[in-house]
Amino acid sequence: MMTISEIRNNRQLLNDIDWNMTPEEAVRLYLEWGNNWARGNYVIRSKDDVSHYFVVNTWKEKPVLYLVRRNSEIAQDLARIELPHPIAERFMQSVGYNKGVYAVDGELRQWLQQELGLQAATS
């Protein structure tokens, strides 16, 4: 698995990350091909069509961030990133401490983009 530092130093991978992809959208696009026409944003034609995106998995004791590479055949975890305690706690509060796989947004997205060098640190 890649580290956050390895992701930060891989400009091609950073450029390939789809920050708007959600777990639900990935399922719709890659596993429910007949539903692709509904929004018109993406059209998946073959296993060569790939998305890279982050998700938060809360099925274990602590939430964990994953970088996923998905095509129509497989979802592969490229990185597993532990979240700092305050951010993890606030994220769990925001989802009602429910178990699941969630999109990366809000404070968590800002923190991640800062860690990846994609936005300036805020004071």
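What follows is a tour in a few stops: the sheet, a helix, and some charged pairs.

Before you click, note that this is a predicted model, where local features need pLDDT of at least 70, side-chain atom pairs count only at pLDDT 80 or more, and totals for chains, interfaces and linings use all residues. Residues are numbered from 1 along each chain as its sequence is written, and side-chain values use heavy atoms, with hydrogens and water left out.

**Stop 1: the sheet.** Colour the strands (DSSP runs of E, at least two residues; helices are H or I runs of at least four, and both are numbered from the N terminus). You'll find 4 strands in an open sheet, ordered β3-β2-β1-β4, with antiparallel pairing. Two strands pair if DSSP finds at least two bridges between them. At the edges sit β3 (75–82) and β4 (101–103), each pairing on one side only. Now select 51–57 and 64–70: these are β1 and β2, antiparallel and joined by 7 bridges. Click Ser51, and opposite it in β2 you'll see Arg70.

**Stop 2: helix α5.** Select residues 106–115. Which residues of this helix are buried? They are Leu108, Trp111, Leu112 and Gln113 (buried means under 20% relative accessible area, exposed over 50%, partly exposed in between, using a 1.4 Å probe and protein chains only). Those buried residues pack against α1 (4–8), β1, β2, β3 and α4 (85–94), where contact means heavy atoms within 4.5 Å. Just past the helix, click Gly117, which has a positive phi of about 75 degrees.

**Stop 3: salt bridges.** Side chains of opposite charge can pair when their charged atoms come close. A salt bridge here is a side-chain nitrogen of Lys or Arg within 4 Å of a carboxyl oxygen of Asp or Glu, and the count comes to 3.

- Select Arg28 and Glu25: their closest N and O atoms are 2.8 Å apart. The two are 3 residues apart in helix α3, so about one helical turn separates them. Arg28 is buried at 7% relative accessibility, and Glu25 is buried too, at 8%.
- Next, pick Arg80 and Glu82, whose side chains meet at 2.4 Å, N to O. Arg80 is partly exposed at 40%, and Glu82 is partly exposed at 44%.
- Finish with Arg90 and Glu107, with closest N and O atoms 2.4 Å apart. Arg90 lies in α4 and Glu107 in α5, so this pair ties together parts 17 residues apart in sequence.
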